[in-house]
Amino acid sequence: MSLDPLRYFPADPAQRRIATDLFATIEKLPLVCPHGHTDPAWFATDAPFEDAVSLLLWPDHYLLRLLYSAGVTLESIGLAPREGGGEVEKDRRRIWKRLADHYYIFRGTPCRAWLDHTFLEVFGLDRPFVPASADHYYDAINEKLTQPAFRPRALFERFNIEVIATTEHSGDGLKHHEALAASGWKGRVVTTLRPDEITDPDHDQFAASIRRIGELSGEDTGSWKGYLRAIENRRAFFRSHGATATDHGHPTAQTADLSAGDAEELFARVTSGKSDPKDRELFRAQMLTEMARMSVEDGMVMQIHPGCWRNHNTQLYRRFGANIGGDMPARGAFMGELKPLLDRFGNRADFTLLLFTLDESTYSRELAPLAGHYPCLKLGPAWWFHDSPEGMMRYRRLTTESAGFYNTAGFNDDTRAFFSIPARHDLARRIDCAYLSELVIQSRLPMEEAVHVAVDLAYNLPKKVYKL
Ligand SMILES: [Zn+2]
């Protein structure tokens, strides 16, 4: 088994040569990872990873989703329900074998590409991953994980990561980031503030989280003004630990611009438990605009990741909790939804608002025209269900003509699957080179300019947009 050096490039020989030449100029550039979900404890403690199953299977909701669709129960791959339920498989070798037994279901999916790349490039496993080689894979991976070269910091360096951002909630004490800063290790790991638990009244930790940031900031979060000051205080704390960005995972991109009096009354309703669903959506909407105001003041880049229908499979959510593959894309809308926020801050070139979507129909209809006009707006890369070869190509085709390349933010891997990070960046770089090769061969862009674009997309844009 080997990786084809020309994988994902166009079939036409002349165009393929252009893509190959473009890729050669960016293949070895350092990885910039401005948005993701790796665990800062890995880098702070540098402890060895446990084993193949807990590293490569359990945390990967992409794998869990498709396995479940094929009739593989979560119990049979070692995940225990919160209550009741039948037998849970404890033997990790058998769990690993079950993944091998079902590896065929990932044919044609990006999961397959990422895992093949990880097996070969990271672990040096060059036999096909099939049921008959499952034991060999299991033993080889677990043996490698005991070696110093497979500790988190060594891999960070081997992967050529220049900077990686993790994501923490508003009440996090950022102990691991503090330990990292004090450790003297030169790897750059920054945090990102994800404050949904204090801005979304439907979050199950809403009341407790607001109390917590009150304690941490010394502000009275029982009042609207004290609550806002407490958030500003947490933002400053996160900035002091390297954060340059916030991230907002709201159900919709709805924004609002209420008067101070109306906002105060709304805050009182949502914190006293006397709100209805409309109030709660309006509060989330108002908070996006408040967060934008704070970003204008403190310079943090703001990201909105809307439109995910979390825990769509209610039965499975009740039994196993979140992040087991039951999240779905919802229909998206931005044009009217963002207007209240844009009416206030849309014309500020010193404010950066990055938009992501799970609804690809919004790219050409709404997002690219908006980003191609408002100075504050940038488009985040293809996200989640669409960070695939076809999805990334569709993203370029749907956005470039209205927004250009320079209203996009390059690539981010958005993953907690640390071992797949080189594979994901490799794939994104190849797809961008494939797209650019088409512009070059059709004389829509000179080769020397395409080289600049390729370098900017792979390296310069994510650093610039995220202020890293
Ligand atoms: Zn994310």
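This is a predicted model: local features need pLDDT of at least 70, side-chain atom pairs count only at pLDDT 80 or more; totals for chains, interfaces and linings use all residues.
Visitor: Is the aromatic pair of F345 and F351 stacked or edge-to-face?

Guide: Both F345 and F351 are buried. Their ring centres lie 6.3 Å apart, with 75° between the planes. Planes over 60 degrees apart count as edge-to-face, so the pair F345 and F351 is edge-to-face.

Visitor: What is the angle between the planes of W383 and W384?

Guide: W383 and W384 are both buried. Their rings form a tilted pair, 5.8 Å centre to centre, and the angle between the planes is 55°.

Visitor: Which ring does the charged end of R424 sit over?

Guide: A charge counts as over a ring only within 6 Å of the ring centre. R82 lies over the face of Y317, at 5.7 Å from the ring centre. For R424 the distance is 5.5 Å, and the ring is that of Y62.

Visitor: How many residues apart are H35 and D414, which coordinate the zinc ion?

Guide: The zinc ion is coordinated at 2.1 Å by NE2 of H35, NE2 of H37 and OD of D414. H35 is in the loop between β1 (31–33) and α2 (40–45), while D414 is in the loop between α18 (389–403) and α19 (421–441). The pair links distant parts of the chain, and the separation is 379 residues.

Visitor: Why does H35 count as buried?

Guide: Buried means under 20% relative accessible area. H35 counts as buried because its relative accessibility is 2%.

Technical notes. Residues are numbered from 1 along each chain as its sequence is written. Side-chain values use heavy atoms; hydrogens and water are left out. Rings of Phe, Tyr and Trp (its six-membered ring) pair if their centres lie within 6.5 Å; planes under 30 degrees apart count as stacked, over 60 as edge-to-face and the rest as tilted. Buried means under 20% relative accessible area, exposed over 50%, partly exposed in between (1.4 Å probe, protein chains only). A charge sits over a ring if NZ of Lys or CZ of Arg is within 6 Å of the ring centre and within 35 degrees of the ring normal. Donors are N, O and S atoms within 2.8 Å of the metal (3.2 Å for Na, K and Ca); water is not among the atoms, so sites may look incomplete. Helices (H or I, at least four residues) and strands (E, at least two) are DSSP runs, numbered from the N terminus.
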